[in-house]
Amino acid sequence: MSDYKLTYFDFAGSRGEEIRIAFRMAGVAFDDNRLSFEEFEKIKPELPFGSLPILEVKDRGVITQTNAILRLIGRQHGFHPEERFTAARHDEVMETVEDKDG
């Protein structure tokens, strides 16, 4: 098993795809655990917040929510700005995209 295991639905164009792309851009190996909706329904009660995606990080625990996972990858691999105001502007764009999804 790699240091990371991403669990999300098995279809392209999903929020999980953004995370998969970030890992590939960073050159980081990860286990890509893709679920059907039927598989998801079986494990939903056991999931944090009852939703996906989840990222299992070896020796650390589980992170949920797409943007939190993307920020983690970004900070670890130089994709997220270090300067606070610039980072806030970066987050602003991420949240705007999130607002437009719904």
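Guide: A polar contact here is a pair of N or O atoms within 3.5 Å; within protein, one must be able to donate a hydrogen and the other to accept it, and residues adjacent in sequence count only if both atoms are side-chain atoms. This is a predicted model, where local features need pLDDT of at least 70 and side-chain atom pairs count only at pLDDT 80 or more, while totals for chains, interfaces and linings use all residues. Residues are numbered from 1 along each chain as its sequence is written, and side-chain values use heavy atoms, with hydrogens and water left out.

Visitor: Ok, which side chain does D91 have a polar contact with?

Guide: The side chain of R71, at 3.0 Å.

Visitor: Where is D91 found?

Guide: In helix 4; helices (H or I, at least four residues) and strands (E, at least two) are DSSP runs, numbered from the N terminus.

Visitor: Is D91 buried or exposed?

Guide: D91 has a relative accessible area of 18%, so it counts as buried. Buried means under 20%, exposed over 50%, and partly exposed in between (1.4 Å probe, protein chains only).

Visitor: And what does D91 touch?

Guide: R71 and H80, leaving aside residues up to four places away in sequence; contact means heavy atoms within 4.5 Å.

Visitor: Which residues of helix 3 are buried?

Guide: T66, N67, I69, L70, R71, I73 and G74.

Visitor: What comes just after helix 3?

Guide: G78, with a positive phi of about 75°.

Visitor: New topic: where is F79?

Guide: F79 sits in the loop between helix 3 (66-76) and helix 4 (84-101). F79 is partly exposed, because its relative accessibility is 33%.
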